[in-house]
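Here's a walk through a structure, one piece at a time. Keep the model open as you read and find each spot as we get to it.

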Amino acid sequence: MSEYVLLSKLTKIYETPKGPAVIVRDFDLSIKKGEFVSLIGHSGCGKSTVLSMVAGLSEVTSGGVIIGGKEINGAGPDRGIVFQSPCLLPWLTAMENVMLGVDQVFYTAGKLERRQIAEYYLTLVGLGESLDKKPAELSQGMRQRVGIARAFSLSPKMLLLDEPFGMLDSLTRFELQQVLLELWRKDRKTALMVTHDVDEALFLSDRIVMMTNGPEAEVGEILEVPFPRPRDRKAVLEHPEYYKLREQLIGFLEERAHIRPEKKQMELHRVSMAEVPPTNLGSIDKNQTQPVELKS
Amino acid sequence: MNKENQFKFDWVILPLLAAVTVIVLWAMVSSIQGVSLPSPLKTWEASKLYILEPFAKRGELDQGILRFTWYSLVLVVKGYALALIVGTPLGFLLGVSKLFTKSLDPLIQVLRPVSPLAWLPLGLILFQKSEPAAIFTIAICAMWPTVLNTAMGVRAIPQDYLNVARVLKLSRSRTLFKILIPAALPYMFTGFRLSLGIAWLVIVAAEMLTGAPGVGGFLWQEYNSLIYEHIILCILTIGIIGFVLDRLMSLVEQRFKTA
Ligand SMILES: Nc1ncnc2c1ncn2[C@@H]1O[C@H](COP(=O)(O)OP(=O)(O)O)[C@@H](O)[C@H]1O
Ligand SMILES: [Mg+2]
């Protein structure tokens, strides 16, 4: 097995006035090159914490992250990051926002060549006409497109996405999932995405990692997603396994997320069902296509 | 009352009414026996020449009011420029470094309330000449709002923007010019505007003490020559110019607010 990204015993502890708060403990995960992995779990369980440790934006308390055989040390442009809000610099145009990173990574290339790289990715995400617009002139969906173009244009070793479509309406979200899938199909970047949207995870990923509830969150179960690629939404929804997998995910989040895997004493860490954020999932209708969100 | 009339009432009639009241009060006070305050009419009579021929130069001590104002403005611009050149980087250092803030903040808090009247003699001792002393005084009094607002602006930069710099591994200078400065610009301009107000406030004191030609110098000289009408002329001029400068700066400030 070719492990490309390895998260090993990743642990995050915050020092709080009430003593150390263990957010994530011994988080182990390996990702193959070109694999798309989603991280799913209840709000506040520590998904973003894991992602930002991989990004190098949040200090690792213990454990480590290896990408392409090298342990990471701090943030760097070898990881393309897309956050929930695109974090564009409002005083720069779409083009300039992308160029900021391209200039930095491809400093040996000529000016024209760098412009072409930025233009290429902005065109791929459908912003060929809006290169010179400032973020304030773009819709939220378009801003997120710039964010995606920026991440891909760095030609990173891997992509890190933290609920990249969480703030968008469902129509725009579908569009952008498609855009992301297209780009990913071209570049085959190893990707780790946080989401709380079960359908999004199923549509995009090769594997879905379900995280247990915090504190001391860790990997709960892992689901292999067997849908063939290239994927198309309709085919995925019609796949005979789709609803079985979906129920498996929802079942985990509803029933098993609070159960500690083996080793730990359950009594100590047990979270009562009442504390688990309510999920209004009810029965699942075969024809339902709306994404189900597991937000609290 | 419709909107337009309301506007007229609020912005024309009310201020006019207040101004007329003040002039009437002024006239009444000046008519009291034993008070040497010149009346509004006498003030106008004596100032007419200076206002109607604002750029005339009849002699070293006898020039149109805007000509004097021009001299003052030139001096203010020099002191103000110095304040920005020194104050902006200082503000950045304070904003970026906790160490700097901790060490310099008490000093700033102590120096900030010192009056220009206190700095000027020190300037004269340091520079021996009146113009550099005046520039020094303007700069040191006017720079604090720039320093403090710039520091506040740098501290207020959202973590998201700083993360962009971290992820892209931008060099220090690129981080400064591409991220820190643009992000802090709105705060910086608020500081620049407040600093300009102070610089203008200080000029008069500086000119009075150094005897440099300008509105402040003119005011002091006319006081010594017992031409009190011109004192009032100078006060009004200083006020109006200060107001205009503040308006202009806030236009610039607004432009950067939306950026
Ligand atoms: N600076 C901090 N100090 C203490 N606790 C924190 C801090 N930052 C985040 N947390 C806690 O870490 C937990 C996980 O947060 P996060 O990773 O953002 O969750 P998720 O992305 O899964 O919704 C939350 O319960 C949050 O309260
Ligand atoms: Mg999160």
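This is a predicted model: local features need pLDDT of at least 70, side-chain atom pairs count only at pLDDT 80 or more; totals for chains, interfaces and linings use all residues.

Let's begin with the overall make-up of chain B: it has 10 helices and two strands. Along its principal axes, the C-alpha atoms of chain B fill a box of roughly 75 × 60 × 35 Å.

Now for how some of those helices meet. Two packed helices are described by the angle between their axes and the distance between the axes. Take helix H3 of chain B, residues 65-96, and helix H4 of chain B, residues 98-111: they pack at an angle of about 125°, and their axes are 6 Å apart. Angles over 145 degrees would count as roughly antiparallel and 65 to 115 as roughly perpendicular, so H3(B) and H4(B) come out oblique to each other. On the H3(B) side, the contact is made by B:Leu90, B:Leu93, B:Leu94 and B:Val96, while H4(B) brings B:Lys98, B:Phe100, B:Thr101, B:Leu104 and B:Ile108. Sort these residues by class and you get seven nonpolar, one polar and one charged.

Further along chain B, helix H5 (residues 116-127) packs with helix H8 (residues 172-210), at an angle of about 45° and with the axes 10 Å apart. That angle makes H5(B) oblique to H8(B), and their crossing is right-handed. Which residues of H5(B) and H8(B) make the contact? From H5(B) come B:Pro116, B:Leu117 and B:Leu120, and from H8(B) come B:Val202, B:Ala205, B:Ala206, B:Leu209 and B:Thr210. Seven of the residues in the contact of H5(B) with H8(B) are nonpolar and one is polar, with no charged residue in the set.

Over in chain A, look for helix H2 (residues 94-105) and helix H3 (residues 111-124), whose axes come within 9 Å and cross at roughly 125°. H2(A) and H3(A) are therefore oblique to each other, and the crossing is right-handed. H2(A) takes part through A:Ala94, A:Met95, A:Val98, A:Met99, A:Val102 and A:Asp103, and H3(A) through A:Lys111, A:Arg114, A:Arg115, A:Ile117, A:Ala118, A:Glu119 and A:Leu122. What does the contact of H2(A) with H3(A) look like by class? It has eight nonpolar and five charged residues, and no polar ones.

Next, find ligand 1. Around it sit A:Tyr14, A:Thr16 and A:Ile23, along with the run A:His42, A:Ser43, A:Gly44, A:Cys45, A:Gly46, A:Lys47, A:Ser48 and A:Thr49. A backbone N or O atom of A:Lys47 lies 2.8 Å from an oxygen atom of ligand 1. For A:Gly46, a polar backbone atom is 3.0 Å from a ligand oxygen, and for A:Cys45 the distance from a backbone N or O atom to an oxygen atom of ligand 1 is 3.3 Å.

Finally, two backbone details in chain A. A:Glu216 isn't a glycine, yet it has a positive phi of about 60°; look for it in the loop between strand E9 (207-211) and E10. The peptide bond from A:Arg229 to A:Pro230 is cis, with omega near -5°.

Methods:
Residues are numbered from 1 along each chain as its sequence is written. Chains are lettered from A and ligands numbered from 1 in the order in which they are written. Side-chain values use heavy atoms; hydrogens and water are left out. Axes are lines fitted to C-alpha atoms, for helices over the stretch in contact, and angles run from 0 to 180 degrees between N-to-C directions. Helices (H or I, at least four residues) and strands (E, at least two) are DSSP runs, numbered from the N terminus. Angles under 35 degrees count as roughly parallel, over 145 as roughly antiparallel, 65 to 115 as roughly perpendicular and the rest as oblique. A crossing is left-handed if the near helix is turned anticlockwise from the far one by less than a right angle, and right-handed if clockwise. Contact means heavy atoms within 4.5 Å. Ala, Val, Leu, Ile, Met, Phe, Trp, Tyr, Cys and Pro count as nonpolar, Asp, Glu, Lys and Arg as charged, and the others, Gly among them, as polar. A residue is near a molecule or strand if one of its heavy atoms lies within 4 Å of it. A polar contact is a pair of N or O atoms within 3.5 Å; within protein, one must be able to donate a hydrogen and the other to accept it, and residues adjacent in sequence count only if both atoms are side-chain atoms.
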